[in-house]
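Here is a short briefing on one protein model. Keep the structure open beside the text as you read.

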Amino acid sequence: VGHHWVAMSATRSLLHRTGLSVWKTFSHLRRSQYSVLFINRNETFNRQYEKRWDWKWWRSSEDDKKRTVNVGGSFVTAILFTRGFTLFKSKKDELPCENYMAEPISGYKALEGQGLEMKFKMEKLCMTIQYKLCRELAAFEPDVEFRVDRWERVEGGGGVSCVVQDGKTFEKAGVNVSVVHGNLPPSAVSQMRSRGKDLPSEKSLPFYALGISCVIHPVNPFVPTLHFNYRYFEVDNGSGDSIWWFGGGTDLTPYYLNESDVVHFHKTLKEACDSSNITLYPKFKKWCDDYFHITHRGERRGVGGIFFDDFEEPSKEKCFDFVSTCANAVIPSYIPLVKQHWNDPYTDANKKWQQLRRGRYVEFNLIYDRGTRFGLLTPGARFESILMSLPLTARWEYMHTPKAETAENDLRVS
């Protein structure tokens, strides 16, 4: 829809004949891109046909669509000019990508059915979380569309990168799914050996790695930055057998400390962890605090969250269930904070402080972050996706120190 509302006027009379009415304005449609477009005028009509219809949004590679819809025995033809989205379909016209942002790298069929291999179960989880989160983020950006890139890697695999930038709510938000396989170079194997992995040295090894990663940099300084990453690895140990593990985490980086926001964020993550094992949250919270530490500054990057790696106990299925629960906790932990603060008033001084703190974010990602380092060491790496985590703007000032007894200093010393 988005750009050609006139098409709706042309079909309005036809829709009224079938008991349907347009109930959203053009501007509201664009703000709620994934909402149902039409509703019935009366409850009786609605109850009678609600099971027959399946109005949905889905992505389309075509610019224009024409659909004929069977409504209570009558046929309505609506021409809807779209850019990237088509508005509705009937149940007879199912598309396999309706819950994904693009075709999965392993293909649709590989992710269907029960009893999937773990790598396919994990890919399905990542694609589903990507779709759900992008839908939530798109609701805040009525005038900017996600750029969706499905890319392939010559050495094996590929990914789906979804990025929105220069929006009214998000300066830059990226949600990336990657599925890569091939042979690890000795430098990457050495990095894994340094973490205690029993792998042969100075040897290239077959591997399979996949995961979802996301960083959201907001426009408003009172909305915190979010980062999360959940991943799964399989590596041949050199003798034909493979070792596997999960890793991941979710963390929050505010620019101004709001204690109720922090409590909500941690409470949501704790509940997710506790549903599997009550010992995990305190362990992974401490790990997060220690991991997101900017050593050369002597500062922590944010207010923490959870972080874990080399997760392989008690079983592969139990580990996956835990990762799935944590990944599904991302939206309820963060989106309420965006809703609460995206329209808060702020000053130029607030914005300047936000950009200074973003400088710290950049320093950590480029110097210490394991995911960034692993990605850059992987042959055929897609650098645009790896560096998606960096903000559009950041700031460094020589010997900058916030004044005592200010909100900026409260965050620095907390």
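Strands here are DSSP runs of E with at least two residues, numbered from the N terminus. By that rule, strand β10 (residues 205-218) gives the largest share of the lining of the largest cavity, seven residues. The model is a predicted one. The protein has 13 helices and 15 strands.

**Overall make-up**

- The protein has 414 residues, and 52% of them count as buried.
- Its accessible surface comes to about 19700 Å². Carbon and sulfur atoms account for 50% of that surface.
- Take the contacts between residues at least 6 apart in sequence: 67% of them join residues at least 24 apart.

**Cavities**

- Seven cavities of 30 Å³ or more are present in the structure.
- The largest cavity holds about 870 Å³ of space.
- Its lining is made of 48 residues. Nearest the centre of the largest cavity lie Asn 229, Gly 371, Thr 372, Phe 374 and Gly 375.
- The lining of the largest cavity splits into 21 nonpolar, 18 polar and nine charged residues.

- Helix α7 covers residues 280-291, which is 12 residues. From first C-alpha to last, α7 reaches 16 Å, close to the 16 Å expected at 1.5 Å a residue.
- The buried residues of α7 are Leu 280, Tyr 281, Phe 284, Cys 288, Asp 289 and Tyr 291.
- Helix α10 (residues 348-367) contains Arg 360. With 20 residues, α10 reaches 29 Å from its first C-alpha to its last, close to the 28 Å expected at 1.5 Å a residue.
- α10 is mostly covered, with 15 of its 20 residues buried.
- Is Arg 360 buried or exposed? Arg 360 has a relative accessible area of 15%, so it counts as buried; the cut-off for buried is under 20%.
- Beyond its neighbours within four places in sequence, Arg 360 is in contact with Ile 294, Arg 297 and Glu 299.

- Phe 308 sits in strand β15. Its relative accessibility is 0%, so Phe 308 counts as buried.
- Which residues does Phe 308 touch, not counting those up to four places away in sequence? They are Tyr 230, Arg 231, Phe 246, Gly 247, Gly 248, Gly 249, Phe 284, Trp 287, Phe 322 and Val 323. One of these, Phe 284, is among the buried residues of α7.
- Phe 308 and Lys 286 are 22 residues apart along the chain, and their C-alpha atoms are separated by 9.8 Å.
- Asp 310 is also in strand β15. Its phi is near 50°, a positive value in a residue other than glycine.
- Asp 310 has 22% relative accessibility and therefore counts as partly exposed.
- Pro 314 is in the loop between β15 (305-311) and α8 (316-328). A cis peptide bond joins Glu 313 and Pro 314, with omega about 10°.

**Loop residues elsewhere**

- Glu 405 lies in the loop between α12 (383-386) and α13 (407-413). Although Glu 405 is not a glycine, its phi is positive, at about 60°.
- Is Glu 405 buried or exposed? Its relative accessible area is 80%, so Glu 405 is exposed; the cut-off for exposed is over 50%.
- Glu 112 is in the loop between β6 (85-86) and α4 (118-138). At 48% relative accessibility, Glu 112 counts as partly exposed.

**Asp 274 in helix α6**

- Helix α6 (residues 259-274) includes Asp 274. Asp 274 is partly exposed, with a relative accessible area of 23%.
- Asp 274 and Phe 322 are 48 residues apart along the chain. Their C-alpha atoms are separated by 9.6 Å. Phe 322 is also one of the residues that Phe 308 touches.

How values were computed:
Residues numbered from 1 in each chain as written. Predicted model: local features only at pLDDT ≥ 70, side-chain atom pairs only at ≥ 80, totals over all residues. Heavy atoms only, no water. 1 Å grid on protein atoms, 1.4 Å probe; cavity = no way out; pocket = protein on both sides within 12 Å on 5 of 7 lines; lining within 4 Å. Points joined across faces, edges and corners; volume = space filled by probe spheres on them. Helix = DSSP H or I, 4+ residues; strand = E, 2+ residues; numbered from the N terminus. Nonpolar A, V, L, I, M, F, W, Y, C, P; charged D, E, K, R; others polar. Buried < 20%, exposed > 50% of the residue type's maximum accessible area, 1.4 Å probe, protein only. Contact = heavy atoms within 4.5 Å. Areas by Shrake-Rupley, 256 points an atom, 1.4 Å probe, with all protein chains shown as cover. Expected span 1.5 Å × (residues − 1).
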